[in-house]
Amino acid sequence: MQKTREYNFDGLVGPTHNYAGLSFGNVASSSNIKSASNPKEAALQGLAKMHALAQRGFAQALLPPQDRPNFKLLRQLGFTGTNAQMIEAAARTSPVLLACAYSASSMWTANAATVSPSADTADGRTHFTVANLNNKLHRSIEHSQTERALRAIFHDEKHFAVHQALPATPAFGDEGAANHTRLCAEHGAAGVELFVYGRSEFDASIVGPKKFPARQTLEASQAVARLHGLQDARTVFVQQNPHTIDQGVFHNDVIAVGSGNVLFYHQEAFVDEAASIEKCRIAMQQVGAELNPIRVATAQVVVADAVSSYLFNSQLLAKPNGKMALLVPQECSENAAVAAYLKDLVSSTGAIDELLSFELRQSMRNGGGPACLRLRVALTEQQANAMHQGVIFTEALYKRLVTWVESHYRDTLFPDDMADPALAIEVQTALNELSGILNLPNLYEY
């Protein structure tokens, strides 16, 4: 078994980070609609988290922001003329479409793709399936640039396989790693891949939510498992609780998170809690590992508090001592029930013995916490050396990116500011410079 490390690929927040409220079903996104955002602060908060983890010795990398505004989308929707003319016409006749074209939601790289490491796949390569994100217009435009970025970074086909997004139909709604968890004894060993879906397109017996959309389908999850060549005995499919989705839990990573052999989850996360946990336990036995489920009861933390604090949208980080640190947003300390629960959790003798709290308020106000901001990729030493090195987070890269952000990002951005063509020029200037910093020169070509 080769030495393997788990890399967190965090999304670098883009210059157009704003609160347009485009994501129905995401309570935080809807609650802050049309308020002022601070793109500079958002990017610096994300970089600070990456820097802190890298300094702790965790393997850290990043995915770049996407080209915005997406003029290809505007042209597809019938806007014509120069870039400035398209912006002016969209702002005047359909501001929501302009907001979609400007969306910075690719910062949440948990939705970029589903990843299966080489220890799990039939051909011994690390597989990526780009998420189609077809439930929301502003997210559905991401997959082509995501695929371009992943192919640029993981370009060596000896080690990596990057699959294009699934068909963009309701039957194959796919939201990436936000509904996927890998459980294992250690990263280099064979593991269990847990797929959580909200509904089925073809099985009428599976009852979905009534208020908010279920974004992940069973059929999409099954297709990804086939593409990656996963073994049936080590692959688990469970349904997310539809009543929990209707309380604002739009992805599984808002109500559960797993790493190693630990599954940290809420009592109301799954349709059949006992059966779901038992499926994971049996699958873990197939790889010679024992599941360690950490259950948060409703009596301890109600779903509404879990959603408002993003308790489960946290990062589980394996430490050299065999224990885990839990990285949570600062909002967890501001919720009395959640803060009390976490205090008891880290003081117990369980798997999680340390709490790391980060200020990510800019992202949180748009409905994305620490887990939304990162895509986990387990890589052997050979694979890590084979990927594009320019995105690996170092002290030198951190300093360059801070200077870049401070030079190019605005302190305040209202949705109405997107009507100004000068913003598009600012963004394109910034991203062209970023291509040079990351040594990805063709990243923003359509």
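**Notes on helix packing and aromatic pairs**

1. Let's start with Ala430, which lies in helix α16, residues 421-438. Helices here are DSSP runs of H or I with at least four residues, strands are runs of E with at least two, and both are numbered from the N terminus. Please keep in mind that this is a predicted model, in which local features need pLDDT of at least 70, side-chain atom pairs count only at pLDDT 80 or more, and totals for chains, interfaces and linings use all residues. Residues are numbered from 1 along each chain as its sequence is written, and side-chain values use heavy atoms, with hydrogens and water left out.

2. Ala430 has a relative accessible area of 0% and is therefore buried. (Buried means under 20% relative accessible area, exposed over 50%, and partly exposed in between, with a 1.4 Å probe and protein chains only.) Beyond its neighbours within four places in sequence, Ala430 is in contact with Trp404 and His408; contact means heavy atoms within 4.5 Å.

3. The buried residues in α4 (residues 83-93) include Met86, Ile87, Ala89 and Ala90.

4. How do α4 and α5 cross? Their axes come within 5 Å and cross at roughly 130 degrees, so the two helices are oblique to each other. Axes are lines fitted to C-alpha atoms, for helices over the stretch in contact, and angles run from 0 to 180 degrees between N-to-C directions. Angles under 35 degrees count as roughly parallel, over 145 as roughly antiparallel, 65 to 115 as roughly perpendicular, and the rest as oblique. On the α4 side, Ile87, Ala90, Ala91 and Thr93 meet Pro95, Leu98 and Tyr102 of α5. The residues of this α4 and α5 contact divide into six nonpolar, one polar and no charged. (Ala, Val, Leu, Ile, Met, Phe, Trp, Tyr, Cys and Pro count as nonpolar, Asp, Glu, Lys and Arg as charged, and the others, Gly among them, as polar.)

5. Another helix pair to look at is α2 (residues 39-55) with α15 (residues 395-408), packed at an angle of about 175 degrees with axes 10 Å apart. That angle makes α2 roughly antiparallel to α15. From α2 the contact draws on Lys40, Ala43, Leu44, Leu47, Ala48, His51 and Gln55, and from α15 on Glu395, Tyr398, Leu401, Val402, Val405 and Glu406. The residues of this α2 and α15 contact divide into eight nonpolar, two polar and three charged.

6. On to the rings: the structure holds 10 aromatic pairs. Phe195 and Phe237 form one that is stacked, at 5.4 Å centre to centre and 25 degrees between the planes. This pair links distant parts of the chain, with Phe195 in strand β7 (residues 192-197) and Phe237 in strand β8 (residues 235-239), 42 residues apart. (Rings of Phe, Tyr and Trp, the last by its six-membered ring, pair if their centres lie within 6.5 Å; planes under 30 degrees apart count as stacked, over 60 as edge-to-face and the rest as tilted.) Phe195 counts as buried at 2% relative accessibility, whereas Phe237 counts as partly exposed at 24%.

7. Finally, Tyr7, Phe9, Phe128, Phe154 and Phe160 form one aromatic cluster.
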